[in-house]
Amino acid sequence: MEKYRVTIGLEVHAHIKTVSKIFCGCSTEFGAEPNTHTCPVCMGMPGVLPVLNKKVVEYGIRAAIATNCSVAPYSIFARKNYFYPDLPKNYQVSQYEKPLAENGFIEVTVEGEKKKIEILRIHLEEDAGKSIHDMCEGSLVDFNRTGTPLMEIVTTPCISSLAETQEYLKTLKSILQYLGVSDCDMEKGSLRCDANISVKPAGEEGLGVKTEVKNMNSFKGIQRALEYESERQIEVLEGGGKIHQETRLWDEKAEKTFSMRSKEEAHDYRYFPEPDLVPIVVSEKWKEEVLKTLPELPRARRKRFINNYGLSDYDSKILTAEKALADYYEDCLKKVKDVSGDKKFCKTVANWIMGDLMGHLNEENKSVEESPVSPEMLVDMIELINKGTISGKIAKTVFDDMYKTGKAPADIIKEKNLVQVSDEGEIIKIIKEVIGENPASVESYRKGKEKAIGFLIGQVMKKSKGKANPAVVNRILKEQLK
Ligand code: ZN
Ligand code: MN
C-alpha cells in the first residue's frame with residue numbers, strides 16, 4: 001500500500017424529503033403498496049407534461065448554500081436517455097450542462113488534520129422505479145419511487161484515503177439531515193453512493209486509470225468495497241498488468257467487485273435539454289430567503305456545545321453527529337432551569353446518553369427517536385442520584401429497567417426497593433457484622449495495609465445489596481476500624 005496513492009471521487013444520490021414527487025402530485029411515502037403512488041405523469045404516458053415542484057429547488061438551494069456551492073442563477077433540465085424497465089419514459093429527467101449548483105466544499109477533520117473535500121456540482125433529478133427480480137418467475141416493477149426527487153452531489157477526485165471517504169460521507173449525511181432536506185436512510189435507499197477510484201505509484205504525476213464502483217448499500221459496504229477495489233488495482237499493477245476503465249459492481253456476499261461493463265460498452269446517454277420544462281431561475285432574493293431559513297448546522301452546534309456546556313470536542317462531536325441526538329441532549333438540559341453554570345450536570349447527562357442510552361440503542365439498532373427513555377425520565381433519574389436517593393451504581397440498574405419497561409425512575413426505585421441507605425444506625429449494624437466476619441482483613445488494615453479497606457467496603461455494599469451510601473460507609477468504617 002505504501003508504494004501507491006489512492007484517489008477517490010464520490011457521487012451521492014440523496015432523496016429529497018418533499019411530500020410529493022418532483023414533477024407530479026404523487027406521494028413520495030416509502031413502503032406503500034406497489035404502484036399505488038403513480039399517475040400518468042410519473043408513469044410517462046404520452047402527452048403528459050411535468051410541472052416542477054418548487055420545494056425541490058428550495059431544498060437544493062439549501063444544500064448548495066450549506067456546502068459552500070454557488071447557486072446558478074439559471075439552470076436547466078436535460079434528458080438522460082437509456083432503456084430500463086423501471087424507467088417508463090425511457091429517459092431520466094436530470095441536469096447535465098447547467099446544474100443547479102457548482103464549486104463548493106465540505107470541510108472534514110481526519111486524524112486531526114483539516115481538509116476541504118471539493119464538491120464539483122449538485123444537480124436535481126428524478127429517481128427511477130424499482131425492479132424486483134426474486135419474487136416470481138419473471139420480474140416485477142414498482143413505480144412508486146419513479147419521480148421521487150433526488151439531489152446528486154458529486155465531488156472532484158480529491159479524496160485520498162478511506163478514512164477521508166468515511167468522514168466526508170458522515171459529514172455530508174449529517175448536514176443534509178440538519179437541513180431537513182433528506183432522511184439519508186441508506187437502508188431505505190434514500191442515500192446511495194457510487195465511487196470512482198484509481199491508484200498510482202507514489203510520486204507519479206496525474207491520476208491512474210479509474211474504475212467506477214456501484215451497488216454499495218452501507219457505510220461499511222463502501223469501506224469494504226473500496227478497500228477491496230484499491231487492493232485489486234494494486235495487485236494488477238504489481239503483476240505488470242493494466243487497469244481497464246470500467247464499471248464494477250460490489251457483491252456484498254462475495255465481498256468482491258466484479259466487472260459490469262467496460263468503457264466500450266458504456267452507455268451513450270444522448271443528453272439533450274428537456275423541452276417540456278422551463279429553466280430554473282434563482283434570484284438573489286430567493287437565495288437570501290432560503291439563507292434565512294437555514295438551521296444551525298452540525299459544526300456550529302458542536303462549537304456551541306463546547307462553549308456553552310463545557311463539553312470536550314470528542315463528546316460534542318458524538319452528540320451533534322445526528323440532529324435527533326443533539327436535540328435529545330438539549331431537551332434533557334432544558335428540563336433544568338439554568339444549566340449554563342452547571343458544567344458537571346451537562347457532562348453527567350452527556351455521559352448517560354453516550355454510554356448507557358446509546359449502548360442500548362445501538363444494540364437494538366434503534367434511533368434515538370425510538371428511545372423508550374425520554375429526556376424527562378433520564379433527567380429525573382440523574383436528579384435522584386444527585387439528591388442521594390440512589391447511588392450511581394444502582395442508577396445503572398434503574399436505567400436498564402427504564403429502558404426495558406418505560407417506567408418512571410421513581411416508580412422503579414419504589415417497586416424494587418432500591419432507595420439508598422444513608423441511615424447511620426443501619427449502616428453501623430452491617431459494618432459491625434462485616435468486621436466480625438473478616439478478622440484477617442481487619443488485622444491487615446490495622447497493620448497498615450490500607451488497601452484492605454476496599455475489600456471490607458465491598459462486603460458492606462454486598463450485604464446492603466448495593467444500597468448503602470458509599471460515602472457514609474467509607475466514613476463509618478474508618479471510624480469503627482480505629
Ligand atoms: Zn405521479
Ligand atoms: Mn444521477
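First, the ground rules. This is a predicted model: local features need pLDDT of at least 70, side-chain atom pairs count only at pLDDT 80 or more, and totals for chains, interfaces and linings use all residues. Residues are numbered from 1 along each chain as its sequence is written, chains are lettered from A and ligands numbered from 1 in the order written, and side-chain values use heavy atoms, with hydrogens and water left out.

A salt bridge here is a side-chain nitrogen of Lys or Arg within 4 Å of a carboxyl oxygen of Asp or Glu. The count is 38.

Take Lys347 and Asp315. Their closest N and O atoms are 2.5 Å apart. Lys347 sits in helix H8 and Asp315 in helix H6, so the pair ties together parts 32 residues apart in sequence. Helices are DSSP runs of at least four residues (H or I), strands (E) of at least two, numbered from the N terminus. Asp315 is buried, at 6% relative accessibility; Lys347 is partly exposed, at 34%. Buried means under 20% relative accessible area, exposed over 50%, partly exposed in between, with a 1.4 Å probe and protein chains only.

Next, a network: salt bridges link Glu296, Arg301, Arg304, Lys323, Asp327 and Glu330.

Asp86 is in the loop between strands E4 and E5.
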